[in-house]
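Here is a short briefing on ligand contacts and salt bridges. Look over the structure first, then read on.

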Amino acid sequence: MTTARLFSGMQPSADSLHFGNYAGALLQWINMQETHDAVFCVVDLHALTVPQDPAKLAENTRKTAAQYIASGIDPHKSTLFVQSHVPAHSELAWLLNTVTAFGEASRMTQFKDKTQKQGSDNATVGLFTYPILQAADILAHDANVVPVGEDQRQHIELTRDLATRFNQRYGPVFTVPEVTVMEGAAKIYDLQNPTAKMSKSGESPAGILWLLDEPAVLTKKIKSAVTDTDNSIVFDPEHKPGVSNLLSLLALATGKAVGDVVASLSGGGYGALKGEVAEAVVAKVAPIREKTHELLGDPAELDRLLALGAEKAAATAEATLGRAHEALGLLPRLH
Ligand code: TYM
C-alpha cells in the first residue's frame with residue numbers, strides 16, 4: 001500500500017501565526033506527518049488577494065515557514081515549500097477556473113464574509129477566485145487528505161467537486177481529496193469576542209494569541225479574556241462561549257480531552273481556570289517562539305530548505321499539470 005498524501009497550507013498574511021492556526025491545523029500536521037507523505041505550503045499568492053507591503057510579505061513568508069518548523073514540521077521528512085516557487089499551481093488554477101461555474105464560486109462564504117463590510121465592488125477578482133487557487137494547490141499534489149480548520153471545509157468541498165467534474169469530463173486526472181477537520185480544535189475563538197473565530201484580521205488586538213507573543217503578553221490576554229458572571233466551569237459553547245473557548249485552549253495545550261480538563265478543575269472559579277490556561281499555553285508556545293527566532297537568525301539556511309522543498313513539490317505539480325494539459329487537448333510543445 002502506498003502512503004496517503006497530505007497537503008495543507010497557511011497564508012503569510014500577518015507578523016505571526018495565531019493559536020487558532022496552531023490548534024486547527026499545525027497540531028494535526030505534526031501528528032500526521034509521521035504517517036503520511038506530507039506536503040506543507042506557505043501560500044504567498046493567496047496573501048496577495050488583499051494588499052500587502054512587499055517587504056513585509058517576504059519577511060512574513062520566511063516567518064511562516066520558520067513557525068512551521070519550530071512547531072514540529074520536519075523539512076527533511078515532509079515537503080515544505082513556498083507556493084510562488086512552483087508556478088504549476090497558478091497554471092493549474094487557470095485550468096480549474098474554466099470548469100468552475102460563476103454561481104458556485106459566488107457561494108463561497110469566506111468571500112461573502114470578507115466583503116460583508118465594504119461590499120464586493122472593490123474586492124479583487126483574486127479574492128473571488130481564491131478558492132480555485134486553493135483547489136489547484138491540493139489537486140496539483142494528488143492529495144488524499146487536507147487537514148484544516150472548520151472555516152476551510154467549504155473550500156475543500158469545492159475542490160472535491162471540481163476534481164470530480166474534471167475527471168468526468170476529461171478522464172481520471174485528479175485525486176479527489178478528503179477533508180480532515182479535527183474534533184475540538186476546528187474553531188478557536190477570539191478571547192474578547194468569543195463568538196467570532198480567532199483570526200489574523202480580528203478586530204480586538206487583545207483577543208488574539210499570536211505564537212510570537214512574549215509569554216507575559218499571552219498571560220495578560222488570557223487573564224483578560226471575556227467570560228460570564230456565574231463563575232461555573234461548564235463546557236457549553238452555546239451558552240458559555242468564553243469559558244468553553246478557555247476550556248478548549250486548555251485541552252489543546254495540555255493534550256487532554258475537554259471532559260478530563262473540566263473534571264480536573266473542580267473549584268477555583270474563572271481566575272484559577274485562566275491561570276491554568278495561561279500556564280499551559282505559554283508552555284506550548286514559548287519554545288515555538290524561541291525556535292522561530294533561532295531559525296530566522298539564519299535566513300540563508302531557511303531559504304535553502306525552502307528551495308529543496310520547491311524542487312520536490314515542482315516535480316509532482318508539473319506532472320499533474322502535464323496530465324491535465326493532455327486530457328484537455330492542449331497541444332504539446334516540442335522541445
Ligand atoms: P489560513 O491561513 O486562514 O489558516 C491556516 C489554517 O488555520 C486554520 N484556522 C483555524 N483553526 C481553528 N480556529 C481558528 N480560529 C482558525 N483560524 C484559522 C484554518 O482552517 C487553516 O487550516 N485558504 C487557506 C490556505 C490554503 C490552503 C490551501 C489550506 C491555501 N491553499 C490548500 C489547505 C490546502 C487559508 O486561508 O488558511
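A salt bridge here is a side-chain nitrogen of Lys or Arg within 4 Å of a carboxyl oxygen of Asp or Glu. The side chains of Asp37 and Arg5 meet that test, at 2.9 Å from N to O. This is a predicted model: local features need pLDDT of at least 70, side-chain atom pairs count only at pLDDT 80 or more, and totals for chains, interfaces and linings use all residues. Residues are numbered from 1 along each chain as its sequence is written, and side-chain values use heavy atoms, without hydrogens and water.

**Salt bridges**
- The structure holds 16 salt bridges.
- Glu34 pairs with Lys77, their closest N and O atoms being 2.9 Å apart.
- That pair links distant parts of the chain, 43 residues apart.
- Arg304 bridges to Glu301, again with closest N and O atoms 2.9 Å apart.

**Exposure of the partners**
- Buried means under 20% relative accessible area, exposed over 50%, and partly exposed in between (1.4 Å probe, protein chains only).
- Arg5 counts as buried because its relative accessibility is 18%.
- Asp37, at 30%, counts as partly exposed.
- Glu34 is exposed at 51%, while Lys77 is partly exposed at 44%.

**Ligand contacts**
- A ligand oxygen atom is 2.9 Å from an N or O atom in the side chain of Gln11.
- A ligand nitrogen atom is 2.9 Å from an N or O atom in the side chain of Gln134.
- A nitrogen atom of the ligand is 2.8 Å from a polar backbone atom of Ile188.

Methods: Polar contact = N/O pair within 3.5 Å; in protein donor to acceptor, adjacent residues only side chain to side chain. Helix = DSSP H or I, 4+ residues; strand = E, 2+ residues; numbered from the N terminus.
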